[in-house]
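These are my notebook entries on a single protein chain. I record below what I looked up, entry by entry.

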Amino acid sequence: MAYWDEQWETKPLEELKELQFQKFSKQLQHINQNPFYRNRFAEAGLNPEDVKNWEDIKKVPFTVKSDLRDNYPTGLLSGNWGDVVRIHMTSGTTGAPTILAYSANDLEIWAECMARNFVAGGLSKNDIVQQAHGYGLFTGGFGFHYGLEKVGAKVIPTGSGGTDRQLRLMQEWGTTVFTGTPSYAAYMAEIAIEKGIDPVKDLKLKYGFHGGEPCSDGLRKRINERLGYRAHGGGLRVCYGLTEMGGPMSMDCEAETGQHVWADHFLMEIIDPVTHEYVNPGEPGELVISNLSFDSMPIIRYRTGDRIMVSTEKCECGRTHPRISGFLGRVDDMLLVSGTNVFPSQIEFVLLKHANLSENWQLVVEDNKGLHMMKVEIEPAVGSEVDTAFIKELEKELHSHLEIKCGVDIKDVGSLPRFEGKAKRVVDKRE
Ligand SMILES: [Zn+2]
């Protein structure tokens, strides 16, 4: 088992917890220099110096998405503006963007975390990597790029898109690693087969590091098989991260039992989203996360809205850092349909269990005189038959998983949209 930084990656969890507390306290004093936080703490009657134990951490107010939006552009800066060397932001299509500003040292920590992730996932400096996460305002491309380079791999910075060229480069260079969204990996496999390229025989892809959107187990299995990761002795590694914490930050190790979150840099707390109490270990809850190491714009106790499960058991890879052992949905992706919460990831979980269905699907939500109607449109797998009896069974299965009715409409192969970046699975036609 290879490590990037064995000493840190295998440090006993108790020692890491002690360090987390010290760093959290220090970060509180640091962000208390910022007027927004200072007012927020004062309103809560909190003096950062009074946080003396783990119980006290619960008194620190949460930071939420609207805090980031309301303070656009630089209102949440805690470090010196003069030290900022990079700014990333979300697209801001639904309001003010949220930004993250980084000092040179923040970028170094980010790259270090990503280097640990890549080596944990199996990457070595001999790998040839096509990095197809988008470069730009989005954090994915740069986060991956710097981590890959730090390990010493040979990076071809293709960015997303240009699928024909991606495939040509894979053949010419014997590319061993592909990074991009899971949807793009699935699309790449489809185009390869269309062009008569057999990824198992004609390509050398061994690892896929895929982030930017959730990846269901069904999709993971399909990509592993179709792009040849498994056949070449490797596998797909899921990446989890969020702009508010700097971008991509955690990844599957070779044991594939969840994404390690580096406890010396991030503090995870799992809460009941209603009562805000901690849930029992191993139970699902909302991830609240703090950045313990950044200087420019560290966000503390951020309510991610992501429903996850955490495992703190030592991993078979030898790493001691906690893992996200289950990802149940992202609140940003959640739909409210006739009073029921629906996560697109739940739908994909059901659909991809069936080998006669492709991974090309979308959910259409309509308003029929005040009644919300949900329908899955999906293409069959190439060469597969789908009959009426199957559709009825699938509708029943979706109903029992979603606790709300959902129709199924089988579409012609090739008729639904394909994605080179994040997939857009929901077509919401309601007002
Ligand atoms: Zn592990």
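In which loop is Lys-369 found? I located Lys-369 in the loop between β16 (357-368) and β17 (371-380). I note at the outset that the model is predicted.

**Entry 1: backbone angles**

I began with phi at Lys-369, which is near 50 degrees, a positive value in a residue other than glycine. Most residues other than glycine have a negative phi, and most peptide bonds are trans. I then checked the surroundings of Lys-369 and found 4 C-beta neighbours inside 10 Å, so Lys-369 counts as exposed.

I looked up Ser-338 next. Ser-338 is not a glycine, yet its phi is positive, at about 45 degrees. I placed Ser-338 in the loop between β14 (335-337) and β15 (340-342).

The bond that joins Tyr-72 and Pro-73 is cis, with omega about 0 degrees. Pro-73 has its place in the loop between α5 (65-70) and β1 (84-89).

α6 has 18 residues and reaches 26 Å from its first C-alpha to its last, close to the 26 Å expected at 1.5 Å a residue. After α6 comes Gly-122, whose phi is positive, near 120 degrees.

I listed the buried residues of α6, which include Asp-106, Ile-109, Trp-110, Arg-116, Asn-117 and Phe-118. Ala-115 sits in helix α6 (residues 104-121). Why does Ala-115 count as buried? The reason is that Ala-115 has 21 C-beta neighbours inside 10 Å, and the buried class requires 20 or more.

Leaving aside residues up to four places away in sequence, I found that Ala-115 touches Trp-4, Gly-147, Lys-150 and Val-151. I also took one separation: Ala-115 and Ser-290 are 175 residues apart in sequence and 20 Å apart in space, C-alpha to C-alpha.

**Entry 2: the nonpolar core**

How many residues does the largest nonpolar core have? I read 91 residues, and those with the most contacts inside this core are Phe-266 and Val-376. α6 provides the largest share of the core, 8 residues. The core draws at least three residues from each of domain 1 (1-330) and domain 2 (335-428).

Not counting residues up to four places away in sequence, Val-376 touches Ile-347, Leu-351, Trp-361, Leu-363, Leu-398, Cys-406, Val-408 and Asp-409.

**Entry 3: the two domains**

The domain assignment of the protein chain gives domain 1 (1-330) and domain 2 (335-428). I read a distance of 29 Å between the centres of domain 1 and domain 2, taken over C-alpha atoms. The contact takes 17 residues from domain 1 and 14 residues from domain 2.

Which elements give two or more residues to the side of domain 1 that touches domain 2? I found α9 (182-194) and α11 (217-226). α9 gives the most to that side, with 4 residues. By class, I recorded 5 nonpolar, 10 polar and 2 charged residues on the side of domain 1 that touches domain 2.

**Entry 4: the open sheet**

I traced an open sheet of 11 strands with mixed pairing, in the order β4-β3-β5-β6-β7-β8-β9-β13-β12-β11-β10. β4 (154-156) and β10 (266-271) stand at the edges, each with a single partner strand, so one side of each is left without a neighbour in the sheet.

I then turned to β6. Strand β5 (residues 177-180) and strand β6 (residues 207-210) run parallel and are joined by 4 bridges. Within this pair, Val-177 stands opposite Tyr-207, and the bridge partner of Thr-179 is Phe-209. β6 is also joined by 4 bridges to strand β7 (residues 235-242), again in parallel. There I found Phe-209 opposite Arg-237.

Are the residues on the faces of β6 buried or exposed? Tyr-207 and Phe-209 on one side and Gly-208 and His-210 on the other are all buried, and both faces are covered.

Conventions: Residues are numbered from 1 along each chain as its sequence is written. This is a predicted model: local features need pLDDT of at least 70, side-chain atom pairs count only at pLDDT 80 or more; totals for chains, interfaces and linings use all residues. A residue is buried if 20 or more other C-beta atoms lie within 10 Å of its own, exposed if 12 or fewer, and partly exposed in between; C-beta atoms are placed from the backbone. Two residues are in contact if their C-beta atoms, placed from the backbone, lie within 7 Å. Domain bounds come from an automatic or database domain assignment. Ala, Val, Leu, Ile, Met, Phe, Trp, Tyr, Cys and Pro count as nonpolar, Asp, Glu, Lys and Arg as charged, and the others, Gly among them, as polar. A nonpolar core is a set of buried Ala, Val, Leu, Ile, Met, Phe, Trp, Tyr and Cys residues joined through C-beta atoms within 7 Å. The expected span of a helix is 1.5 Å times one less than its number of residues. Two strands pair if DSSP finds at least two bridges between them.
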